[in-house]
Amino acid sequence: MAKTSVSTMLKMKQSGEKITTLTAYDASFAKLFADNGIDAVLVGDSLGMVLQGGDDTLAVSIDDIAYHTKCVRGGSRELFIIADMPFMTYATPEQSCMNAAQLMRAGANMVKLEGGQWLLDSIRALTQQGVPVCGHLGLTPQSVHVFGGFKIQGRDKEQADKMISDAKALEAAGAQLLVLECIPSVLAKAITEAVSIPTIGIGAGKDTDGQILVMHDLLGISAGYIPKFSKNFLVEAGSMPEAVQKYCNDVKSGAFPSAEHEFN
């Protein structure tokens, strides 16, 4: 598999080839994903829920993410690794740079920050220091208590317009990738068309430039329930490698996500 980079993902957007992404937290699954067609992985603060058993992501520390990033890098030298910046680790540009440096040293190729235009100074500072940045709009899990729970975002016009404006501003500040989570598919399409950087959707419909799922949902081993936007690919496959391959093939072909996985 050719090594993924920010430039290859941009070329994929421009050519219409979908980008396949999963969360990863250790070396064994990193190798599995690299060997079976995944373009990039996210060391997500979702580990606070799927690995640590928390109700949300807020207890995850920068040391937690750095540790799991190092583990994922140990499993594959080729994978493009995006590492989450956890709750309250990027409140200022200075703090953002210090914590991003720790993640890049652990093996990340890019860091991900949740939020809109208040992040612009931090994004500029990071990119000036050579740190690629992924933005994250829509349902941003670190703001779960502000939202009053894990709720769909961007359903009213004012919220949707602000999200489009935020996406453009994040790109202008230097962000090179954008995750869109739990927003109406029509809004995700509008954002994808409004920016020149690739968009990766989770619960954002089929018109984003790529898709991401939590690996535990893909394999049907999540504690609790599998969200509406996800799918257990292991049920239809004979093994974990085949499940990953099916996910990649379905994303590339446009078969996943289907209408049943979208929000209106």
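**Close-up views of a predicted model**

**View 1. Lys13 and its surroundings.** The side chain of Lys13 comes to 3.2 Å from the backbone oxygen of Ile197, a polar contact (a pair of N or O atoms within 3.5 Å; within protein, one must be able to donate a hydrogen and the other to accept it, and residues adjacent in sequence count only if both atoms are side-chain atoms). This is a predicted model, where local features need pLDDT of at least 70 and side-chain atom pairs count only at pLDDT 80 or more, while totals for chains, interfaces and linings use all residues. Residues are numbered from 1 along each chain as its sequence is written, and side-chain values use heavy atoms, leaving out hydrogens and water. Lys13 sits in helix 1 (residues 6–15); helices are DSSP runs of H or I with at least four residues, strands are runs of E with at least two, and both are numbered from the N terminus. Lys13 counts as buried because its relative accessibility is 15%, and buried means under 20% relative accessible area (1.4 Å probe, protein chains only). Leaving aside neighbours within four places in sequence, Lys13 is in contact with residues including Thr192, Val195 and Asp209, where contact means heavy atoms within 4.5 Å.

**View 2. Helix 2 and what it packs against.** Helix 2 spans residues 27–35, and its buried residues are Phe29, Ala30, Leu32, Phe33 and Ala34. These pack against strand 1 (19–23), strand 2 (40–43), helix 4 (62–75), helix 10 (215–218) and helix 11 (240–253). At the start of the helix, a side-chain oxygen of Asp26 reaches to within 3.3 Å of the backbone nitrogen of Ser28. Just after the helix, look for Gly37, with a positive phi of about 100 degrees.

**View 3. Phe33 in the largest nonpolar core.** Phe33, Leu103, Val111 and Tyr247 touch the most other members of this 82-residue core; a nonpolar core is a set of buried Ala, Val, Leu, Ile, Met, Phe, Trp, Tyr and Cys residues joined through side-chain atoms within 4.5 Å. Helix 8 (residues 157–173) gives the most to the core, with six residues. Leaving aside neighbours within four places in sequence, Phe33 is in contact with Leu22, Thr23, Ala24, Ile38, Val41, Met215 and Val244.

**View 4. The largest cavity.** Its volume is about 40 Å³; a cavity is a set of points on a 1 Å grid over the protein atoms alone where a 1.4 Å probe fits but cannot get out, and lining residues have an atom within 4 Å of a point. Strand 8 (210–213) and strand 7 (199–202) each supply at least two lining residues, and strand 8 gives the most, with three. Phe229, Phe256, Pro257 and His261 are among the other residues of the lining.

Note on methods: Buried < 20%, exposed > 50% of the residue type's maximum accessible area, 1.4 Å probe, protein only. 1 Å grid on protein atoms, 1.4 Å probe; cavity = no way out; pocket = protein on both sides within 12 Å on 5 of 7 lines; lining within 4 Å. Points joined across faces, edges and corners; volume = space filled by probe spheres on them.
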